[in-house]
Amino acid sequence: MVALTRRGQELGLLVWVAALAITGSVAVAAAEIAGFRPQQLAVPVSFIIVAITLHAFLATRGIRGDQVLLPIAAALTAIGLILVQRLASNLLLQQLTWSLIAAGAFAAAILIPRDLLALSRFKWTWALVGLFLLVSPLLPVIGREVNGARIWIGFGPVTFEPWEATKVILVIFFAAYLEEYREVLSHPPRRFGPIPVPPLPYLVPIVLMWALAMMVMVFEKDLGATLLFLGIFLAMLYLATGELFYTLIGVVLMFAGGFVAYHAFAHVATRVDIWLDPFAEESRFGPSYQLVQGLFALGNGGLLGAGLGNGMPDRIPVVWSDFVFDAFAEEVGFAGALALLACYLLFVYRGMLIALRAPTPFLQLLAAGLSFIVAFQTLVIVGGDARLIPLTGITLPFVAYGGSSLITNWMLVALLIRVSDVSARARGSP
Amino acid sequence: MSRPIASNIRALAFGIGLLFLVASIGVGYWTLVAGDELSRDPFNPRLVAALRDRPRGTIVDSTGATLAESAKIAEGYKRVYRDRTLAQVTGYASFQFGAAGAEAAYGESLVGQDRADPLAQWRARYLRERDPPGSVVLGIDPKVQKAAVDALGGRRGAIIALDPRTGTILASVSNPTYDPNQIADPSTENTAWKQVNENNDKPLINRATQGLYAPGSTFKIITGAAALESGFDPNQKIRVDDPWQADKSWGSYFVRSSSHAHGDYTMADGYRLSENIYFAKVGLQIGGQKIAEYAQRFGIGSTPKCDLASAKGQVSRSGSLDRPTLVADTSYGQGELFVSPLQMALVAATVGMGGVMPTPHYATAVRDAAGHTVRVVEPGAQGQVIRPETAKALTVMLVNAVEGPGAFAFAARIQGVHVAGKTGSAENPAGPPHGWFVGFAPAEAPVIAVAIVLENTPRGSEDAAPLSPPVMRAALHL
């Protein structure tokens, strides 16, 4: 029998999420020609019920610790539902279904494994599972190619992007591995001037893991995932060793690799070229059409936006996946876009706080790594949408349309809450 | 013990916070700072969106006759264009493909938020209220336009006529043309768009302002201006023997005279008989730097300050004239020169106006729905390009080039009016030469300046000069 915990703050915040979900949905519906119909409330209301159920589930399972992450993740998912309703209403029920499944995955990750430290014990198993997931889209029968990137696996009508799961598994593996070897890595026996010469044998497994990830990405042609894996690798190495030099080398290698890829792969060169000059006459109706339309959408945002349902973000091709941020910014303006970014930053800082309070290096690295994923994905896609960096097809966590991303991100939230639960128990606080 | 993980976490979190700040600034730039410019982009569907939901303003010519207007269709509104010969001038406005021509350049005015009216702009941007659209008045004179269309007669090329006193463009023809109605009509837009874009003749390009050609002998006006202002004596006789090279270092390269001339030439003779060797020698005497400087003064190599899209052309690939053969070739209008008909019309207008270059413009006014003038388009003169006495001397020689004995440009004569002008044949790798004529009339107080290009015409300049009189007559009301 587990004791009930008081998660009053969480419930209070969820009331705000409910208000957000309902007003957003009504605003979008009201701006449509058909106008608002009461049955349209079914979607936000079911989502609110799901979120409150998750809250009740945490309370009845006696989970302690963080009470902010669940409401933020719910708010972001609600924004995602509002935007799918706005931009691709035919996908709305599908997205709602995905969020129900994601809630299920969240609950499962709260329960299994019983002991969080079991994650670190089976690190080599994780490495193998991660590798298998990475390679799986290349396998016959289950591998699928969509829009030139071979990053999908499918069973009948159900398709999944395995790299979404790989990113979490990668963090678990790195956290476990680095916990064991961080002392050796951060105190290399030799230094070459200021340059640490790491004990190579200990670096081999992680470098190998990383190199394999890169190679697979070359074959699957997914720049976003490649960048994310690289980011995770460098961030985890830095978190474990505090050796900025490793990170610098990694960044230099990344630029070198980018330079080679620019010259070797047409799809990389195109991405960079349209980033440098999206408005060029020869590309604005071709490869950079999507980006240019996205920038037009941003430009129409102004301070307060066109109002939900009143902009024209639907002129951006496939807006609901990579350009959902621009669509959001057009209709809620700079103010709304800042608020969205603030939600992410809050999420990340809560995650980092959990990491700071975690009792073991493994849990610290795990929580920090998971928070980093959300931060990095947000920065890469928002940076791409706002033409700060070349655009890569990476999802805006919780908001962008898609099941794989929603499910893994909710499992990520579950893991963070579990880490905070462990530290709360260790400290004996509620 | 190594550095505690906690301090690494703090450092990473700090870095992430900084990057979020950078991202926010980036988003702020696009939403707040760049918004205005993006909203004016002719390809921004938001500006064109007014098309679908509400009528756009009309585009009318100088007599008030409608050239473009909106018509109601099932999906909302579409644009209807009345004059195919002005396809590149009115342009098109399409929900799918954006806008071009005046539809693009005056896009805001046509949706009721002219830039002269900040209040209307502000209301449109922040309150989404737009005034009912008014009209954009073009300076196109239908009589001159028709004369130019008839003169060109469907041949590939361009004619541009402008009023040298104001810079108002009176006629603008670019062949081959296309039907903007097809692009504006949602039922035909896709096939029409594909067709005009795959057409190797590039009908979407306004050859009058964007077509780039070697100027041929019409460029000698600039060479002459540079020489006169460098203290060169136009009456000094220069020996011409065809073919000619400055020295043996030119190898097998010679400048050739189109009349296989042998004799002593003054500058007036040089213009009248369009003598390449004469101008090559003049160019070498005053130097490539001077030629390049005057070409640039006349606006070659920089985008004309025109309200519709215009090409900038080039003096040479590098922008300077450093090799003797290049100086010689450039001096009589070949070399690596590229100019647009608009640029050459401005050269003629400048000479006619005593050295003052007008600013070209297609539109003359923007009116609101009630017909009141919101804004008058009168950009004024661009400034003194050459000295009045240089312009006067050139005018005399250019009149002689049309009216003098044996003048190459005799076909440009008009009974009872002094016409100043210069023909040109532009050699090009694509086949027969392009024929040119540029000129203005009446020479003593011009009211019209023209530039005519006939692409790949068998007799070059001889084919182009006869096109000038009907166009000038229409403007002179003869």
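In chain B, strand 6 (residues 135-138) and strand 12 (residues 363-367) run antiparallel and are joined by 4 bridges; strands here are DSSP runs of E with at least two residues, helices are runs of H or I with at least four, and both are numbered from the N terminus. One of the pairings links B:Ser135 to B:Arg367 of strand 12. The model is a predicted one, in which local features need pLDDT of at least 70, side-chain atom pairs count only at pLDDT 80 or more, and totals for chains, interfaces and linings use all residues. Residues are numbered from 1 along each chain as its sequence is written, while chains are lettered from A and ligands numbered from 1 in the order in which they are written.

Stepping back, the open sheet of chain B holds 6 strands in the order 3-2-1-6-12-13, with mixed pairing (two strands pair if DSSP finds at least two bridges between them). Its edges are strand 3 (76-81) and strand 13 (373-376) of chain B, each of which pairs on one side only.

Now to chain A. Helix 2 (residues 42-60) of chain A has 19 residues. Which of its residues are buried? They are A:Val43, A:Pro44, A:Phe47, A:Ile48, A:Ala51, A:Leu54 and A:Leu58, where buried means 20 or more other C-beta atoms within 10 Å of the residue's own, exposed means 12 or fewer, partly exposed lies in between, and C-beta atoms are placed from the backbone. The face turned away from the buried side carries the exposed A:Ala42, A:Ile49, A:Thr53 and A:Thr60.

Methods. Expected span 1.5 Å × (residues − 1).
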